[in-house]
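Please examine the sequence and the structure shown below. The explanation then leads through the architecture and its side-chain arrangements.

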Amino acid sequence: MSRSRAIAALTAALLPAVAPAAAHATAEQATLHASFTPNRLGTPTTITFAFQLAAGEGVAPPPLTHMNLRIPAGVNYTRTELGLAICQPEALQARGLAGCPANSRLGYGSAVVEVPFGAGNGHEIPEIQAVAGPSPNGNLDVLFYANGLYPVYAQLAFSGEVLPDTGRFGSQINTTVPLVTSVPGGPDVSIVSVHTTIGPTGLTYYKHVHGRLVAFRPRGVSVPERCPHGGFPFAAQFGFQDGTSTTAATTVPCPRPRHR
């Protein structure tokens, strides 16, 4: 199996505070977190997502094959300056981030995977980059690039499509997670945790002004002017290689009102 079928779940990357397993109670458990930086109403922001997966104390979960991340209603991608350029998947796979325009970057992060071989379990913290990809269906497409060096060597590119949602959620990032083997003929790697951002923090874009190339920080994702009761909800569903699934949910607290 191609190693470019791997940490594709890392993209999606993207979530937040603590939640129970799915209603049908599988052995897998998910813990989530999300935050806004800055956390102010009506202000462009960077969204940070993180999740952890486990199948019991000290036990790695089965390999992840699907992830669906639901994002609060009113969080607006249309006003952002992120993704002014498009990165082609072939260039990303061949050259990594160097194959993409600077103005295609959306965010970055890291992940931990468990590798079931050798003396004990190995852990890897690969680099994750998120860039804007082609959108054949008219929806925003997020390309994720995972750069793993040890103990699994792999440079992997995969995508998550941003789809409309309903109710408390305005959109969802739907990602199919490819499998990656630990060694040829060996078991597949388990994703244990992912931490990533979508937003301008740490990014530099460029534009031409009077014939000169000028650096600037792009406008982030817009936060609504009003906070829903109880905060901004996030939720995720995780599907695993063995056919089981689990869910997690959290909220970003409503910010304190500004003093006039």
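This is a predicted model: local features need pLDDT of at least 70, side-chain atom pairs count only at pLDDT 80 or more; totals for chains, interfaces and linings use all residues.

Residues are numbered from 1 along each chain as its sequence is written, and side-chain values use heavy atoms, with hydrogens and water left out.

The protein contains one helix and 15 strands. Of its 260 residues, 51% count as buried. Here buried means under 20% relative accessible area, exposed means over 50%, and partly exposed lies in between, with a 1.4 Å probe and protein chains only. The protein exposes about 12400 Å², of which carbon and sulfur atoms supply 53%. Accessible areas come from the Shrake-Rupley method with a 1.4 Å probe, and for residues only the protein chains shown count as cover.

Cys 87 is joined to Cys 100 at an S to S distance of 1.9 Å. This pair links distant parts of the chain, 13 residues apart: Cys 87 belongs to the loop between strand E3 (64–72) and helix H1 (89–95), and Cys 100 to the loop between H1 and strand E4 (105–115). The torsion about the S-S bond of Cys 87 and Cys 100 is about -45°, so this disulfide is left-handed. Both Cys 87 and Cys 100 are buried.

The other disulfide joins Cys 227 to Cys 254, with an S to S distance of 2.0 Å. Cys 227 lies in the loop between strand E13 (221–222) and strand E14 (232–240), and Cys 254 in the segment after strand E15 (245–252), so the pair ties together parts that are 27 residues apart in sequence. Because the torsion about the S-S bond of Cys 227 and Cys 254 is about -80°, the disulfide is left-handed. Cys 227 counts as partly exposed at 22% relative accessibility, and Cys 254 also counts as partly exposed, at 34%. With bonded cysteines counted along the chain, the disulfides follow the pattern 1-2, 3-4.

How is the nonpolar interior arranged? In soluble globular proteins, nonpolar side chains tend to be buried together. A nonpolar core is a set of buried Ala, Val, Leu, Ile, Met, Phe, Trp, Tyr and Cys residues joined through side-chain atoms within 4.5 Å. The largest such core has 46 residues, of which Phe 36, Phe 51, Leu 64, Phe 234 and Phe 238 touch the most other members. Its largest share, five residues, comes from E14. Apart from this core lies another, of seven residues, among them Cys 87, Leu 92, Val 131 and Tyr 145. Contact means heavy atoms within 4.5 Å. Leaving aside neighbours within four places in sequence, Phe 36 is in contact with residues including Thr 45, Ile 47, Val 75, Phe 232, Phe 234 and Val 252.

Aromatic rings form a further set of relationships. Rings of Phe, Tyr and Trp (its six-membered ring) pair if their centres lie within 6.5 Å; planes under 30 degrees apart count as stacked, over 60 as edge-to-face and the rest as tilted. The structure holds six aromatic pairs. Tyr 205 and Phe 216 form an edge-to-face pair, with 6.0 Å from centre to centre and 80° between the planes. Tyr 205 lies in strand E11 (residues 205–209) and Phe 216 in strand E12 (residues 212–216), so the pair ties together parts that are 11 residues apart in sequence. Tyr 205 is buried, with a relative accessible area of 0%, and Phe 216 counts as buried at 17% relative accessibility. The charged end of Lys 207 sits over the ring of Phe 216, 5.0 Å from its centre; this description requires NZ of Lys or CZ of Arg within 6 Å of the ring centre and within 35 degrees of the ring normal. Ring pairs also link Phe 36, Phe 49, Phe 232 and Phe 234 into a cluster.

Two loop residues complete the account. Pro 38, in the loop between strand E1 (29–37) and strand E2 (44–54), is joined to Thr 37 by a cis peptide bond with omega about 0°. His 210 is in the loop between E11 and E12. Phi of His 210 is near 50°, a positive value in a residue other than glycine, and His 210 counts as exposed at 82% relative accessibility.

Methods: A disulfide is a pair of cysteine sulfur atoms within 2.5 Å. Helices (H or I, at least four residues) and strands (E, at least two) are DSSP runs, numbered from the N terminus.
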